[in-house]
Amino acid sequence: MRYGFTLLATASAVALAFACSKEASTPPTPAPSEAPADAAAAPAEAEPMGEAIGHFHPKGKAPSKHTIAALEKAGGTLPLSDRRDFEEQAKGFIAAPDYKKIMADAGNVAWDMERYDWLVEGENFESIHPSTERQSKLNMNYGLYEVIPGFYQVRGFDLANMTFVRGKTGWIVFDPLTAAETARAAKELVDEHLGERPVVAVVYSHSHGDHWGGVRGIVDEADVRSGKVKIIAPRGFMQFAVSENVYAGNAMNRRLFYQYGVLLPASPFGYVGQGLGQGVAAGDSGLIAPTLVIEKGVEVHTVDGVKMEFKNTPGAEAPAQIQTWFPASKVFWTGEDVTGVFHNIYTLRGALVRDALLWSKYINEALYRYGKQAEVMIASHHWPRWGNERVQEVLRGQRDLYANMNNQVLHLANQGVTINQIHNVYQTPKGIAEQWYNRGYHGSPEHNSRAVINRYLGYWDANPATLIPLSPADSAPLYVEMMGGADAIMEKGQSLHDEGKYRYAQEILNKLVQAQPQNQEAKDLLADVFEQIGYQQENTGLRNSFLAGAFELRSGIPTGTSPKSAGPDVVRAMSTELFLDFLGIRMDGTKAEGMEYTINLVTPDNGEQFAIELSNATLTNIKGYQAEDADLTLTINRVDLEQTMMGAKPLATQIADGTAKVSGDASVLKKLGSTMVDFEIGFEILPGTKSAAEVEDLNPYEVGPIDIHGE
Ligand SMILES: [Zn+2]
């Protein structure tokens, strides 16, 4: 049985990667008939839960008594008497739409709140951490809310909130969501209940795709060009909107299957949300370049009669970000620097590690600069905080959360605690942990503490045995042999599993699976272990990762359509240098052995030129130079090159029809093309999970998929 990747983009974390695929269709839950044949044949061993909803996977297990006990114990430590989030989440509610699904223009379901009906209707799920269940329920707010008169938010239409600030003549919109379809629907809801008004300005709070991709749903680019609509963004926005995720883009997209559980149906046994919100819309993402970039640290602008102070906060939650202060109404917009969760210092799908100390300092500045006066605090995710006392409390709490993570992890590291121990040693202080907004729904104390050490000391724990270790598949057979073989490991693994010692069980079962990738019995037992560990997690990224691992061990990874490359707006925003750098990554060095070429690239319409060299099986480029002895000079307008960059028109065709001009040895391009590899998203993470993958036709001049989501 094949799953199409685009089909499964519905869990939608990868929606952006697939944004340009017109093949996307999105049944939210794989029907039983779609389950792999081998899995379907195996009956579930455990008793089904005493709940109406069965497990979505034939091999899936209910939570064990150990898991139920662990979650009960965890529930006992939660500050359940603090119900302020529920009041804040519901306050100011104006209306919900009469639909729960938003369709994409391409015909698929772009957004679906119906898939969480079971979550709203049920309670105390034994397979979901009680804190996670609470957060996912809070994230089910859906509709239009008034923050204070003149400030409104549409929530639950996408991963982020869309905020509307009333100007003299129209709306200033903060963060137009991920997809044109959801942003358009949000604007229609506002029109319906608050009266139709034009959008006069859009503010992108930061460079992550869930905060700008839907801009074309509410703004006509011609109005931006004519000056009728302003687009405001932080310093560095355009660069980072596209560059953050190109170089390792394919690996990041694959890892999204883990962090965001892309293959998992929404279910008590599967996907329950992302902590920040319920998911990412699977619609059409576009990008209109800003017309007002906030270059200075702080700038004050009045737009449509609304005075706003913008403050850049680069290099914390995102490489480009602004916070906004509204002095007249005493509203503070945090962007995504302060939300209702402990955010990621390290993003599990793969990203550069963020600076927790700098993040904390930005929050402290916000506290001292705005927080002492602010009466309301709003953000790009979750719900507002009303009243100065509450605003200050949340700012202080979040400041301390990020500072404590940074400082206390380094405190421990300076006493010898390593990256391989810190997650078992670092303890969140009680005062921090008992604030709901500090809990690890998005970033966990476990994976964030490792990130801090990684940032300052790197991945090595300084034990020579881990410095140049064997690869797992090479060391595992020796372990298996020394442990007495597969049967002995299975027996011990089963008994550890039955005792609820899941992290011990994974240690030895992982070795067996690494040594024997085709041992399905071992993979199934490891999957059972992963599943129980997953159920016990409060953090959605950890939960999804363990449950995704279980899914792939049981069913294998699906094969199918490769995601399509990035849309035209994103490619236009990508520099030629970034494109050429990425070609150097796509080049298979072993195929380039012995090749030596120099190419001059000229793009007359933007006045750029590059010298590109292939030598020592390595492709390099330098902007602003031309080689004197180039084998080939390629002249093509940047606007035409973009067709090649997005895979719409191969370079060979551009040359054949005269769009691109070559002088010198044209065969160089063909030889260079023969070294290029199209990355496939379905590479194996866990051993023995790869089914017969189909290799797509290689197009040597096509840029691979780009994920523009950076959460
Ligand atoms: Zn976001």
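I began with burial: a residue is called buried under 20% relative accessible area, exposed over 50% and partly exposed in between, with a 1.4 Å probe and protein chains only. The model is a predicted one, in which local features need pLDDT of at least 70 and side-chain atom pairs count only at pLDDT 80 or more, while totals for chains, interfaces and linings use all residues. Residues are numbered from 1 along each chain as its sequence is written, and side-chain values use heavy atoms, with hydrogens and water left out.

**Entry 1: the whole chain**

I noted that 59% of the 711 residues in the protein chain are buried. I then listed 24 helices and 21 strands, where helices (H or I, at least four residues) and strands (E, at least two) are DSSP runs numbered from the N terminus. For contacts, meaning heavy atoms within 4.5 Å, I looked at those with a separation of 6 or more, and residues 24 or more positions apart account for 74% of them.

**Entry 2: two residues with positive phi**

I looked up His382, which has a positive phi of about 65 degrees although it is not a glycine, and I found it in the loop between strand 15 (376-378) and strand 16 (385-386). Is His382 buried or exposed? Its relative accessibility is 4%, so His382 counts as buried.

Ala617, also not a glycine, has a positive phi of about 60 degrees, and it lies in the loop between strand 18 (608-615) and strand 19 (618-623). Ala617 counts as buried because its relative accessibility is 17%.

I traced 8 strands that form an open sheet of mixed pairing, in the order 1-4-5-6-7-8-9-10; two strands pair if DSSP finds at least two bridges between them. At the edges stand strand 1 (93-95) and strand 10 (292-294), each with a single partner strand, so one side of each has no neighbour in the sheet. On average, neighbouring strands of this sheet are turned by 25 degrees against each other, direction ignored. For such angles, axes are lines fitted to C-alpha atoms, for helices over the stretch in contact, and the angles run from 0 to 180 degrees between N-to-C directions.

Strand 9 (residues 230-234) and strand 10 run parallel and are joined by 3 bridges, and I saw that Ala233 stands opposite Val293 in strand 10. Helix 6 (residues 180-194) packs on the sheet, where the strands it touches include strand 1, strand 4 (143-148) and strand 8 (199-203), and its direction makes about 40 degrees with that of strand 6.

**Entry 3: strand 20 and its partners**

Thr633 is the bridge partner of Asn600, and in strand 21 the bridge partner of Thr633 is Ser663.

In helix 22 (residues 638-645) I marked Arg638, Leu641, Glu642, Thr644 and Met645 as the buried residues. Seen down the axis, they fall within an arc of 160 degrees, so they line one face of helix 22; the arc is that of the directions from the helix axis to the C-beta atoms. Their cover includes helix 20 (568-573), helix 21 (576-586), strand 17 and helix 23 (651-656).

Thr576 lies in helix 21 and counts as buried because its relative accessibility is 1%. Leaving aside neighbours within four places in sequence, I found Thr576 in contact with Leu601, Glu608, Phe610, Arg638 and Leu641.

**Entry 4: a helix pair**

Helix 17 (residues 502-515) and helix 18 (residues 520-535) pack at an angle of about 150 degrees, with their axes 9 Å apart. I therefore wrote them down as roughly antiparallel to each other, since angles under 35 degrees count as roughly parallel, over 145 as roughly antiparallel, 65 to 115 as roughly perpendicular and the rest as oblique. Among the residues that meet are Leu509 and Val513 in helix 17 and Leu526 and Val529 in helix 18.
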